[in-house]
Amino acid sequence: MIKEIIVVEGRDDTTAIKRAVEADTIETGGSAINARTIQRIALAQERRGVIIFTDPDHAGERIRKIISNKVKGCKHAFIPEADATRRGDVGVENASPEAIRHALARVHTSYEGSQSMIDMEDLMQAGLMVHPDASARRMEMGNILGIGYCNGKQFLKRLAIFQITRDEFVSALTQIEEGG
């Protein structure tokens, strides 16, 4: 049983989570999160903790940001898009139980205002910005680090928020350079 309550987008996501692990969920009902849902998430965070586990798409990221801005100290689970896609449909509900368990085993807690150990110059030297393959490289590194995919500026912010160390960054970069 997972202690924290997992926040997902919908009923199908809850079904997928429950196939993978024993856990309680809160469903946001999509990206139009109302005040009542935010209150439930805040109470859950206060009592048991919360893991935000949204789809690896634009709507999922929007929901993640809304919740993170309103409820501090949430944990985050990210699933790679490739693990959450079936017949062109992207969502947690499409992920295998193994992929869900793997994502939940790599949960990160956000720490707003934390200083990054990696800077913009590091991202450029690593080919994660201003590089023809920067987007694909960020996706691969985000999957390796378990922090998901985003644009360069957001990637730098996530490295700080999730307190990714220079050693973790270099290790992930080495994996990319060695081809996996």
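Where is Asn94 found? Asn94 lies in the loop between β6 (89-90) and α4 (97-105), helices (H or I, at least four residues) and strands (E, at least two) being DSSP runs numbered from the N terminus. The model is predicted: local features need pLDDT of at least 70, side-chain atom pairs count only at pLDDT 80 or more, and totals for chains, interfaces and linings use all residues. Residues are numbered from 1 along each chain as its sequence is written, and side-chain values use heavy atoms, with hydrogens and water left out.

Asn94 is buried, because its relative accessible area is 15% (buried means under 20%, exposed over 50%, partly exposed in between; 1.4 Å probe, protein chains only). Apart from neighbours within four places in sequence, Asn94 is in contact (heavy atoms within 4.5 Å) with Asp83, Ala84, Thr85, Arg86 and Asp89.

Eight helices and seven strands make up the secondary structure of the chain. A compact globule of 180 residues would have a radius of gyration near 16 Å, and the chain agrees with this at 16 Å; the radius is taken over C-alpha atoms, and the globule rule is 2.2 Å times the number of residues to the power 0.38. The C-alpha trace spans about 45 × 40 × 30 Å along its principal axes. Of the 180 residues, 49% count as buried. Among contacts with a separation of 6 or more, 62% involve residues 24 or more positions apart. The chain exposes about 9,400 Å², of which carbon and sulfur atoms supply 48%; areas come from the Shrake-Rupley method with a 1.4 Å probe.

An open sheet is formed by five strands in the order β2-β1-β3-β4-β7, with mixed pairing; two strands pair if DSSP finds at least two bridges between them. Ile51 stands opposite Lys75 in β4.

Thr174 is placed in helix α8 (residues 166-177). Thr174 counts as partly exposed because its relative accessibility is 34%. The C-alpha atoms of Thr174 and Met141 are separated by 9.9 Å, the two residues being 33 residues apart along the chain.
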